[in-house]
Amino acid sequence: MHNRHSNACAKVTDASCQEHGVWTLSQIKTRRDELIGGQAPFAAILGCSDSRVPVEIVFDQHLGDLFVIRVAGNVVASSQIGSVEFAAELFGTRLVVVLGHSMCGAVLATLEQLERPTESRSPNLRSIVDRIRPSVETLMETELRQNPDALLRHAVRANIRASANHLRVGSQLLEHLIRKDELLVVGAEYSLETGAVEFFEGLPARG
Ligand SMILES: [Zn+2]
């Protein structure tokens with residue numbers, strides 16, 4: 001995957017940029033100018049803050065394409081719901097993707113907190129853990145508890161599902177759009193190991 005945001009193309013020819021699927025600086029400027037009048041991002045992405053999951057690079061998108069909300073553990077609080085409302089209402093964005101990822105540190109921290117509760121965690125950090133906790137603590141009561149790798153894999157997906165569900169029912173505005181088939185919320189997981197994104201939750205049935 002190419003990083004089209006890099007300025008490496010300043011040092012090579014336009015032909016070379018095109019050959020490598022990288023935008024030239026003049027293309028970036030043109031797109032930037034086009035967007036001054038407004039934006040219409042086709043998707044809103046709620047992703048994790050993890051530095052290894054930069055959303056535009058993961059999806060190979062550019063200026064103006066994605067409305068991105070990132071927070072550790074891709075958790076949903078009022079500000080995340082408000083951000084999705086903002087994109088849906090003002091920009092007509094019709095697709096919302098909750099993008100979690102394998103080996104998520106926020107989910108792992110929540111599992112560790114459930115395993116060995118400590119009081120030392122800052123209240124701000126605890127607010128993230130507390131939002132992940134309800135979706136993963138039932139997993140601790142299954143045989144997965146004996147298998148930390150499998151437990152984390154299941155917990156990541158449970159947390160993605162919980163965030164997607166929370167967005168679906170967390171606001172009258174979003175609920176209304178979903179009922180009218182004007183908004184779709186789906187869950188997906190990015191693999192740190194392979195770079196692949198698997199959409200596994202909330203996809204409409206094929207027909
Ligand atoms: Zn993460």
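**Strands, helices and loops**

Guide: A43 stands opposite L95 in β3. This is a predicted model: local features need pLDDT of at least 70, side-chain atom pairs count only at pLDDT 80 or more, and totals for chains, interfaces and linings use all residues. Residues are numbered from 1 along each chain as its sequence is written.

Visitor: What joins β1 to β3?
Guide: Five bridges join them, and the two strands run parallel. Two strands pair if DSSP finds at least two bridges between them. Strands (E, at least two residues) and helices (H or I, at least four) are DSSP runs, numbered from the N terminus.

Visitor: And in what sense do β1 and β2 pair?
Guide: In the parallel sense, over five bridges.

Visitor: What order do the strands of the open sheet have?
Guide: The order is β2-β1-β3-β4-β5, five strands with mixed pairing.

Visitor: Which strands stand at the edges?
Guide: β2 (66-70) and β5 (197-201). Each has a single partner strand, so one side of each is left without a neighbour in the sheet. From one strand to the next, the twist averages 25°.

Visitor: How many bridges are there between β3 and β4?
Guide: Seven. Strand β3 (residues 95-101) and strand β4 (residues 184-190) pair in the parallel sense. There, V96 stands opposite V185 in β4.

Visitor: Which strands does helix α7 touch?
Guide: Helix α7 (residues 148-169) packs on the sheet, touching β1, β3, β4 and β5. A contact needs C-beta atoms, placed from the backbone, within 7 Å. The direction of α7 makes about 160° with that of β4. Axes are lines fitted to C-alpha atoms, for helices over the stretch in contact, and angles run from 0 to 180 degrees between N-to-C directions.

Visitor: What about helix α4, where does that lie?
Guide: Helix α4 (residues 78-91) lies across β1 (43-47), β2 and β3. It runs at about 170° to β2.

Visitor: Why is β1 largely enclosed?
Guide: Four of the five residues of β1 are buried, so the rest of the structure largely encloses it. Buried means 20 or more other C-beta atoms within 10 Å of a residue's own; exposed means 12 or fewer, and partly exposed is in between, with C-beta atoms placed from the backbone.

Visitor: New topic. Which residues of α6 are buried?
Guide: I128, V129, R131, I132, S135 and V136. Their cover includes α5 (105-115) and α7.

Visitor: Loops next. Where does N74 lie?
Guide: N74 lies in the loop between β2 and α4. Its phi is near 40°, a positive value in a residue other than glycine. Most residues other than glycine have a negative phi.

Visitor: Is N74 buried or exposed?
Guide: N74 counts as buried, because it has 32 C-beta neighbours inside 10 Å.

Visitor: And D181, buried or exposed?
Guide: D181 has 9 C-beta neighbours inside 10 Å, so it counts as exposed. D181 is in the loop between α8 (172-179) and β4, and its phi is near 60°, also positive.

Visitor: Last one. What is the mean pLDDT of the chain?
Guide: The mean is 92, and 92% of the residues reach 70 or more. pLDDT is the predictor's confidence in each residue, from 0 to 100. Over residues 1-8 the pLDDT is below 50.

How values were computed:
Two residues are in contact if their C-beta atoms, placed from the backbone, lie within 7 Å.
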